[in-house]
Structures are given as structure tokens and as C-alpha cells.
Amino acid sequence: MSDTLTLTKELIRRASLTPDDAGCQQLLIKRLEKLGFVIENLRFDDVDNLWARRGTAAPLFVFAGHTDVVPTGDVNKWTHPPFDAIEENGFLYGRGAADMKSGLAAMVVACEQFVQENPNHNGSIAFLITSDEEGVAKNGTVKVVEHLQARNEHMDWCLVGEPSSTEKIGDVVKNGRRGSLGAILTVHGIQGHVAYPHLAKNPIHLVAPLLAELTAKEWDQGNEFFPPTSLQISNINAGTGVTNVIPAQIEIQFNLRYSTEITHEQIQSFIISLLEKHALNYDIEWGHSGFPFLTDSGELVSATQAAIEEICNYSTELSTAGGTSDGRFIAPTGTQVLELGPVNATIHKIDECVKSADLDQLMQIYQRILEKLLIN
């Protein structure tokens with residue numbers, strides 16, 4: 001059994017549901033300390049974070065990731081218990097197998113191999129690990145980044161181990177992510193009997209023209225790296241549960257995933273102007289969870305593309321598709337950020353799994369990237 005597979009199993013067996021780290025970081029710390037990493041345990045509120053660094057010189061290469069996992073869902077629907085880390089027919093099953101405990105294991109083992117072969121490498125290597133990525137993400141990576149900035153500690157390159165691959169390891173690398181702006185819009189009316197509409201004011205009817213205009217809006221046309229900005233309504237709630245009452249209000253939840261062609265301030269300004277245009281009595285609560293970021297070129301992109309080509313014998317696709325990641329907190333510091341990890345076909349699903357053979361291949365890619373960036 002490979003070291004990468006063994007460590008992945010050990011991590012999966014720790015039921016680290018957000019924000020509980022369940023001892024995963026201590027498992028990593030024991031291995032990193034043997035390599036000469038200086039360990040900092042950074043706990044913010046109920047979240048455990050790890051900053052581990054080997055060396056003090058620039059440039060600084062950082063592996064970033066998270067130990068927390070999403071809930072399992074109905075455990076009776078799993079083929080194997082979700083925290084038993086069972087191998088079957090060439091696959092390793094378990095919650096977090098793909099997202100992202102195999103990525104963490106591959107990072108650590110790659111670093112062990114690299115340091116053993118290159119103890120006097122250039123620059124420094126660090127690990128930024130949190131247990132708050134799958135949750136509200138307020139006391140995790142964002143707080144660690146603030147902590148590092150406060151003491152002028154700068155990351156040059158950051159590789160996030162999120163499951164980026166689509167069909168085979170390294171076929172897709174995320175070199176950016178769209179921004180995310182959410183909103184809860186409440187439109188107020190006057191409750192009344194449906195037989196006497198002149199004595200009421202139906203907020204559903206009032207908001208319908210606005211929603212038609214809002215969903216038809218072309219925000220931008222995207223660019224060579226990003227698709228066009230997209231608005232999606234995720235929930236609408238109104239009414240008392242009966243057919244003969246006009247409701248007093250309607251609540252609408254929506255989210256925009258936006259490109260670098262527009263800012264969240266511009267989006268908010270347009271929506272407010274639209275609400276005023278339709279003369280609605282409303283309240284709106286905004287939730288901005290991440291700016292768009294892009295690493296379109298540079299040493300990290302070149303090293304990663306070359307490493308995948310050499311290890312896998314195929315080229316990788318750079319993509320900004322998908323949801324948000326903690327890369328959104330790191331990129332604004334001027335760091336080159338990429339996401340490269342396992343195949344993402346089963347993440348957050350029942351029977352989450354990875355191909356056992358993929359793990360060492362991913363580890364070898366990580367090791368090759370280190371060699372390209374930190375060896376002359």
C-alpha cells in the first residue's frame with residue numbers, strides 16, 4: 001500500500017464534519033515536524049487552522065487545503081460506512097475521499113519525498129490548512145491570511161488541493177474562480193382576501209415584472225477566461241398555505257456568479273435602481289462571499305502544466321468554472337493561485353470515492369511542481 005493511500009485512509013477515518021478537525025491536523029503535524037516545519041496552530045473561535053513553514057527564504061510555495069467535510073447524508077444509503085475508508089474494485093470510498101483528504105495526503109507525501117531528495121532546496125514550503133472551508137468560511141483561511149499579512153509574510157505561489165479534475169487526474173486545473181454575490185430580497189405588500197384584491201396589495205404580482213427584467217438581464221459577455229455573469233433565483237417563499245389569502249410579503253433568494261468584467265458594486269447598484277424603478281417596498285440583505293480571481297500566467301501555471309504533461313503524458317485545461325474555494329482569500333494578496341486535485345465526480349455525494357491508483361499520480365505531480373519551482 002502506498003504512503004499516499006495509507007494517509008488518505010487515516011484522514012477519512014477521522015469524522016471531521018465542519019468545523020470539527022477531529023485530529024486531522026495533528027496527524028499532518030506529526031509528519032511535517034519530522035521534515036523541519038515550524039508549526040503554528042491558529043485557532044479562531046471554533047475553527048482549527050494550521051500554518052506550517054519550512055525555511056525562511058523567498059520564494060514561498062504554499063500547499064493549501066481543508067480537513068473538514070460536509071455531512072454524510074443518510075448513512076444507510078452508503079455502500080460502505082462513510083468513515084470506514086473501504087477499498088473496493090480499485091476505488092477508495094469515504095466522505096472526504098475526493099474533497100479533499102486525498103489531496104492533503106498527496107501534498108504531504110509529495111513534500112516528504114521532495115525534502116528527502118532535496119533537503120537544501122531553494123525558498124520555503126508552507127502548508128495552510130483549515131477546518132472551515134465547507135462551512136461559513138469566516139474563521140479559516142481568511143483569518144490565517146490576515147494573520148500572515150499583519151506580519152508581512154507573503155506567499156508567492158499557492159496550490160490548492162481542491163478536486164479540480166474532471167475525468168482523469170490533472171485534465172483540468174482551476175486558474176481562477178468567479179465572484180459570488182448573494183441576496184435575500186423581501187418585498188412587502190398588504191395581506192387580504194383574494195375576493196377583495198382592491199383592499200390588498202399582492203407582493204407576488206408586484207415583484208413579477210422585476211423578476212422578469214432581472215432574469216433577462218445580460219450583465220456582461222464574459223471574456224477568454226470567464227463565462228458571462230449569471231444570476232440564478234434559488235428560492236421564492238410567500239403565502240400562508242391557503243388559496244384564499246393574498247400574502248403580506250414575498251421573500252426571494254438569488255445568487256450571481258460574476259466575472260472580472262463587472263464588480264459586485266455595479267451589480268448591487270443596478271439591482272437597487274431596478275427596485276426603485278418598480279416602486280417596490282422592499283428590504284434586501286446582501287452576502288458577498290468572494291471576489292473573482294485569475295492566475296492567467298506565471299511560474300506556477302508553467303510549472304503545473306509541464307508537470308502534468310511529464311507525469312501523465314497529456315495536456316491540462318485551465319478553467320475558472322465551478323463554485324468558490326478558499327483561493328479567493330489568497331489571490332487578492334498578489335499570490336499566484338491554482339487549484340489541482342482529484343477527480344470531482346463524486347464530491348458531496350453518497351458513496352464519495354477516488355480511484356486508488358490516482359493518489360500516487362497526484363502526489364507525483366505535486367512533487368514535480370516543487371522540483372520545477374524550488375530547484376535550480
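Predicted model: local features only at pLDDT ≥ 70, side-chain atom pairs only at ≥ 80, totals over all residues.
His348 has a positive phi of about 65°, although it is not a glycine. With a relative accessible area of 42%, His348 is partly exposed, because the value falls between the limits of 20% for buried and 50% for exposed residues.

Asn89 belongs to the loop between E4 and E5. Its relative accessible area is 72%, and Asn89 is therefore classed as exposed. As background to both residues, most residues other than glycine have a negative phi, and most peptide bonds are trans.

## Cis peptide bonds

Thr18 and Pro19 are joined by a cis peptide bond, with omega about 0°. Pro19 is located in the loop between H1 and H2.

The bond from Ala58 to Pro59 is likewise cis, and its omega is near 0°. Pro59 is placed in the loop between strand E2 (47-54) and E3.

## Overall architecture

The protein contains 9 helices and 19 strands. Its C-alpha trace spans about 80 × 45 × 40 Å along the principal axes. Of its 376 residues, 53% count as buried.

Contacts across the sequence are well represented: among contacts with a separation of 6 or more, 80% involve residues 24 or more positions apart.

## Helix H1 and its covering

Helix H1 comprises residues 3-12 and is mostly covered, with 7 of its 10 residues buried. These buried residues are Thr4, Leu5, Leu7, Thr8, Lys9, Leu11 and Ile12.

Several elements contribute to the covering of these residues. They include the helices H2, H3 and H9 (356-374), together with strand E4 (86-88) and strand E5 (91-93).

## Packing of H2 against H3

Two packed helices are described by the angle between their axes and the distance between the axes. Helix H2 (residues 24-33) packs with helix H3 (residues 97-117) at an angle of about 10°, and their axes are 11 Å apart. H2 is therefore roughly parallel to H3, since angles under 35 degrees fall into that class.

On the H2 side the contact is made by Cys24, Leu28 and Arg31, which meet Lys101, Val108, Val109 and Glu112 in H3. By residue class, this contact consists of 4 nonpolar and 3 charged residues, with no polar ones.

## Aromatic pairs and cluster

The structure holds 5 aromatic pairs. One of them is formed by Phe63 and Phe127, whose ring centres are 5.3 Å apart and whose planes make an angle of 35°, giving a tilted arrangement. This pair links distant parts of the chain, as Phe63 is in strand E3 and Phe127 in strand E6 (residues 124-130), 64 residues apart.

Phe63 counts as buried because its relative accessibility is 0%. Phe127 is buried as well, with a relative accessible area of 1%. Both rings belong to one aromatic cluster, formed by Phe37, Phe61, Phe63, Phe127 and Tyr366.

## Surroundings of His66

His66 is found in strand E3 (residues 60-66). Its relative accessible area is 1%, so His66 is buried. Leaving aside residues up to four places away in sequence, His66 touches Asp99, Met100, Leu104, Ile129, Thr130, Glu133, Glu134 and Glu162.

Definitions and conventions. Residues numbered from 1 in each chain as written. Heavy atoms only, no water. Helix = DSSP H or I, 4+ residues; strand = E, 2+ residues; numbered from the N terminus. Buried < 20%, exposed > 50% of the residue type's maximum accessible area, 1.4 Å probe, protein only. Contact = heavy atoms within 4.5 Å. Axes fitted to C-alpha atoms, helices over the stretch in contact; angles between N-to-C directions. Parallel < 35°, antiparallel > 145°, perpendicular 65-115°, else oblique. Nonpolar A, V, L, I, M, F, W, Y, C, P; charged D, E, K, R; others polar. Phe/Tyr/Trp six-rings, centres within 6.5 Å; stacked < 30°, edge-to-face > 60°.
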